[in-house]
Structure formats: C-alpha cells, structure tokens
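Here is a quick briefing to read with the model open beside you.

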Amino acid sequence: MSLIKQLWLGIFILVTLTFSTSVLVATFQSRDSYQEQLQLKNIDNATNLALLLSHSEKELTQLELLLAAQFDSGHYQYISLTTADNQSLIRFDAEETVHRAPTWFKRVLNLQLNPGVAQVQDGWMQFGTLTLQSQYDYAIDALWLTTLALARWSFWVAFVFGVLASLALRFISKPLESVVQQAEALGQRRFISSKEPATLEFRRVVKAMNILTGRVKTMLENELQRAAELQEKSQRDPLLPCFNRGYMLSWLSSHYASMVDAEQKVAVLCRISNLANINTLLGREKTDALLTCLIQVFSIKHKESVVGRLNGSDFLAILPYNDKSEEAFEALYQTLETTLFAVIDKHHAQLSCVAIELVSANNTESCLSQLDTLLSDLAVTTLSGCKMQQAAAIKVHGSNYWREILPPLLDQPSTLPRAFPVVSSQATLLHHKLFLQLDVQGELLAASHVIGWIKRFGLISKVDLLMCKTAIQYLANNDGVAFAVSEAVFTDENHFYQLLSMLKHVTPATREKLVIEFSEAVALEHQLVLKSIVTACKQLGIKVGLVNCGYGLNQFNALESLALDFLKVDAALIGQYQDGEVQRLLTSIIQLGKALGAHVIADGVHTSHALQHLLPLGFDAVAGAAVEYKPKA
C-alpha cells in the first residue's frame, strides 16, 4: 500500500473514531440525565399523590377517581395502590404504543428506573402503599432523535474535516510526487534535477539525488568534452569543418564491407587547382573561409552528405543516390563554381569535379582509382568542368518501374529479413539486427538499395511499419531484435502514432525484446521530438539506441536524461581501430556509455583481427561480418 493511501486510511479511521466516540458519549450522557430526571419525577409524583390520598376520604370510588385523574393527566407506565397487607386495591396500566426508537436502541440504552413508592395514611394508621412508574418510552424517542441529529451533524463536520484534511495532505505530499518521479528517473538512468521542496525530509532526499545527478552530469560533460577533442584531433581536418583523409578512407572501406545492405551512394571528387596561388592572393584566413563556404554547399544541397579533405586541394564528398543524380551533380557543380568565382577570378583558380556511383567499384582503391582517372580525362579537355560516370546496372529500371513495383512490395513482404547477430563480450547474444529485403521479380534486393526511390515516392513510412511488423514476427522464434527507423518518425506525427499503435497491440513480453534504433545525425537534428519518442518507447518497455555514433554526442542537450540502452559506434570509426588517436576516442565513447548505463557496441567489425583488438578496449558487444554467434548446446 502506498504512503498516500496509508495516510488516507489513517485520517479516515481517526475521523471516524473521533466523531463516533463523540456521538456515543453524548448519547449516553443524555441517557444518564434523562434517567436521573425520570427517577426524581417518580419519587416526587408518588410522594405528592400519596399525600393527597392521605388527606382524602378512604372511599374506594373516590380514591379510584383521584388516581384515574392523575394517570390521565400525566405520562405513566402504571399506577398501583395496595393495602397494608399487599392486596391490590386499584391499578392503572398504560396501553402499548408505537414509538420511533428501534428495539435495538432501547436495548443498548437500557434505562433502569426504580418506581416511585410512598405510604398512604389513614389518620395515624397506614392505609396502603402507592407505587407508580413514569412512561420513559418518550425519553427514549427523544434520545433517538437527538442521536440522529447529532450523527448527521457529526457526519457533515467529519466530511468537511476530511475535505480539508485531503487538501492539506495533497499540499504536504505534493513534493513527494516530484521526489518519486526523480527517483524513478534515476532508476531508468535518466539523470534529472528537481527543485528542493520546503519539507525537511523531502528536501534532504532531493538534495542527495541532485548531488548524484550533478556528479553524473559533470562526468558526462568531461567525457563529452574529451571525446570532442579526440574527434577533432583524429577525425576532423585541422583547419576546415570537414573530415580528414583517414576517416573518408575508413568510411569507404566500411561501406564496401557491407555493400549488400548498404544504401546506394555517389562519390564526388572536387579539385581546386592553383590553391597555393589563391592562398597567396587572398591570405590564409580568407582562403580557409572560402573553402569553408564550398564545404557548406554540400551540406546545404544534401544534408546527408559526408565531406572530407583528401589532401590540400582535393575534397571527397559522399552523396545520396537517385535517378536524377547526374542533374543534381551538375547543379551542385554550378553552385560550387558560383561560390568560388564570386571570391576569386577565374584566371587564378580552376574547379574540377567528377563523380561515380559507389556500386561501380568493388573496394576503396578501385573507387579512388576511377575518380582519379575521370579527373585526368577531364583535365585533358578543360581546366574547369564536371563529369559523372553512372553504373550501367543501375540504369536498367527507371522511375516509372519503381513507382509501380514498390507499393505492393511494401504492403505485402514476400521474404524474410537479413539478420546479423550482435554478440556481447561474454559471447552471449544481445539481439539480432534486422535488414529488410524485397523480392523483386524473384531476386532478393536489400531495401537500402532502393531507399532513394522509396524516399522520392513518399513510401518511407511504409518501410518503417513493415520493418516493425517484420521484427515482431521474427521474435516468434528468436530472442531480441533491433531495427532502425527513418527520419519520418521525427517529422510525421501520424506516422509515429501508427508505429506506436502497432507496438501497443504486442504483448509486454514481446516489447521487452525489441530495440528501436535512431541515427545519431537524425536524432541530433530533432532533439526535442527525440525525447518524447524515447519516453513513449520506454513506457512500453521497448529499448532504444543510437546508431552511427561518434561524431555528435557532445552536441546533444541533456544526453543523460534520455536513458539510452545502446550506443552503436559508427563503422567508419571502428575501421580505424589501429590508429592510436582513434583508440583513445573509442575508449572515451566507451567511458561515456558506461556513465550513461548504456551498452556500447562496435558496429562494422569485418575482420577477426579487428574483433581481437576491439573487445579489449571495453566494448560491451560487437557486430559485423566477422561476428558469429554459436548457441550453447
């Protein structure tokens, strides 16, 4: 029983006992008073009537008339006159009447009245004995009515007292609710602070929890700051807001290692010739500002772009693919050219851009080789310009084909998903990561390969719902499933509630095995919505995690209040595990995860060598092509 209910019960018992006792005491005091008055009345009436009879003639008729007159004028139960030898001369008895007081009330009161007794004289001789008893049923009726009135007033007084007590209890216990909420939040690894209440006991508890929260926040801030510094040092270009060569090469390697399930991308290589002359003409600060503007063009045109500097004048960008990639590439080049030549004259700088679809190559070396070849071919014909080489395989089907075939495929999935195990450092299965597959005319095709078409036709919400339905079905024969949701969950409220409604119809035991994953970049862009989504998932018992982590954790507001269950480090970071600076960054992310109480997972582990070197760093689990799970017999 809760404390509030116990206090309520205590107040109810106290009020009931108090006013019940008041009614009982008042009733029995009134009974004693009535009993005493009736007893005195019996004695006085008997004495006065005996005196009257003593001075009257002792004729039986006259005596009977006097007693009858007295009996009729008063309220008597009986009047009796007996002789000296105890022979009855005259007796009057009252008829039985119906009274208001119930029988049980009479028994409880139990009025005990002794009759009034007096001697009747005839001169100096005793004539007889007069005995009378007053009618006390009227007194009982009066007591009954008085008790009812007192009970009614006591009830209303008790009711008003109860209302006032409940208001007082609500006022007193109001700080307790915030204390409980903060304690529950801490139990769920959401480190929040609360205002200290005025109540001394509550204030001490809240103060202690706030101190704990403050320490965790300080620890997280230190780890986030350290991770940000290590990231700048190991992943970012020292002068420009973009990644360095090592990260870009690692990104390409991780992409080709998971090519089967990877989303189709386009690689763009941009070269700014005569950068040294530009630096001389503009100065270092203005040149860096110009390069920054050029880098920002990529993120403005394509918010999902990944941009890095390969060397002084070469920049590599990874952009999303669609059927109009060539047109988008030309528009991008025009914007870059306009930005460049708005600052520097065309005679002093040249801009060359080439692009290929990543599916055209089999590995990182092949990709960079094709880009270099295209750039060399372009340099033969023009100093500035752009050229894109598309993969023939992708151009087999156009937009009309995908517009017709995708909707029915997403409404009725015809194949099982691809599932990859996520194995803990103790060699136990954490969960399976699911990737959706579509049966396109008998060929299994990863949904990520056509994600560009899906987004273009506005079908991304169907993919999320299908992925959720598939994950629930997969749990029928498996323990633990993780699946990623798209940005539509953050931008489309109706879509989120559809997903939530589907999850609500699942049993709690099934929901506890589900893990919903959000991209770090997308979650960072929608932080306010993220908190409400995570809260809704937590209320259903569903675990949540961030994937592709490692670059924006320090940019989250109140990361400690999200109660994340998993942090999956980006495969591009994992690919650089042999670099000393990257190892320190990974260690910092692991420490951050431990402070949050979240499992830190190394994603994209594609070699046994990487597997052997990553677990000793402190990762809670690993995932990738080199990770296998063998159930214990």
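Where is the place of H255? H255 sits in helix α6, residues 245–257. Before going on, note that this is a predicted model, in which local features need pLDDT of at least 70 and side-chain atom pairs count only at pLDDT 80 or more, while totals for chains, interfaces and linings use all residues. Residues are numbered from 1 along each chain as its sequence is written, and side-chain values use heavy atoms, with hydrogens and water left out.

**Overall build**

- The protein chain has 21 helices and 19 strands; these are DSSP runs numbered from the N terminus, with helices being H or I of at least four residues and strands E of at least two.
- The radius of gyration of the protein chain is 47 Å, well over the 26 Å that the globule rule gives for 633 residues, so the chain is more spread out than a compact globule. (The radius is taken over C-alpha atoms, and the rule is 2.2 Å times the number of residues to the power 0.38.)
- Along its principal axes, the C-alpha trace spans about 165 × 55 × 55 Å.
- Of the 633 residues, 47% count as buried. (Buried means under 20% relative accessible area, exposed means over 50%, and partly exposed is in between, using a 1.4 Å probe and protein chains only.)
- The accessible surface comes to about 32900 Å², and 55% of that belongs to carbon and sulfur atoms. (Areas come from the Shrake-Rupley method with a 1.4 Å probe; for residues, only the protein chains shown count as cover.)
- Take the contacts with a separation of 6 or more: residues 24 or more positions apart account for 70% of them. (Contact means heavy atoms within 4.5 Å.)

- H255 counts as buried because its relative accessibility is 7%.
- Not counting residues up to four places away in sequence, H255 touches A262, E263, K265 and L358.
- H99 is in the loop between β2 (88–93) and α3 (103–109), and at 16% relative accessibility H99 counts as buried too.
- Leaving aside neighbours within four places in sequence, H99 is in contact with K106, D137, Y138 and D141.
- V359 lies in the loop between β8 (350–357) and α10 (364–381), and V359 is partly exposed at 40% relative accessible area.
- The C-alpha atoms of V359 and E628 are 27 Å apart, and these two residues are 269 residues apart along the chain.

**Salt bridges**

- The count comes to 13 salt bridges. (The rule asks for a side-chain nitrogen of Lys or Arg within 4 Å of a carboxyl oxygen of Asp or Glu.)
- E581 pairs with R584, their closest N and O atoms being 2.4 Å apart. The two are three residues apart in helix α20 (residues 580–596), so they are separated by about one helical turn.
- E581 is buried at 18% relative accessible area, whereas R584 is partly exposed at 38%.
- K233 joins in as well: K233, E581 and R584 are linked in a network of salt bridges.
- K462 forms a salt bridge with D411, with the closest N and O atoms 3.2 Å apart. That pair links distant parts of the chain, with K462 in helix α13 and D411 in helix α11 (residues 399–411), 51 residues apart.
- K462 is partly exposed at 29%, and D411 is partly exposed at 45%.
- D32 bridges to R31, with the closest N and O atoms 3.0 Å apart. D32 is partly exposed at 39%, but R31 counts as buried at 17%.

**Helix α13**

- Helix α13 (residues 460–474) has 15 residues and reaches 21 Å from its first C-alpha to its last, close to the 21 Å expected at 1.5 Å a residue. (The expected span is 1.5 Å times one less than the number of residues.)
- Among the buried residues of α13 are I460, V463, D464, L465 and Y474.

**A nonpolar surface patch**

- F155, W156, F159, V160, V163, L164 and L167 form a nonpolar patch on the surface, with about 720 Å² of accessible area together. (Patch residues have over 30% relative accessible area and no salt bridge; like charges are joined within 9 Å, and nonpolar side chains (Val, Leu, Ile, Met, Phe, Trp, Tyr) within 5 Å.)
- V163 is found in helix α4 (residues 137–187) and is partly exposed, with a relative accessible area of 36%.
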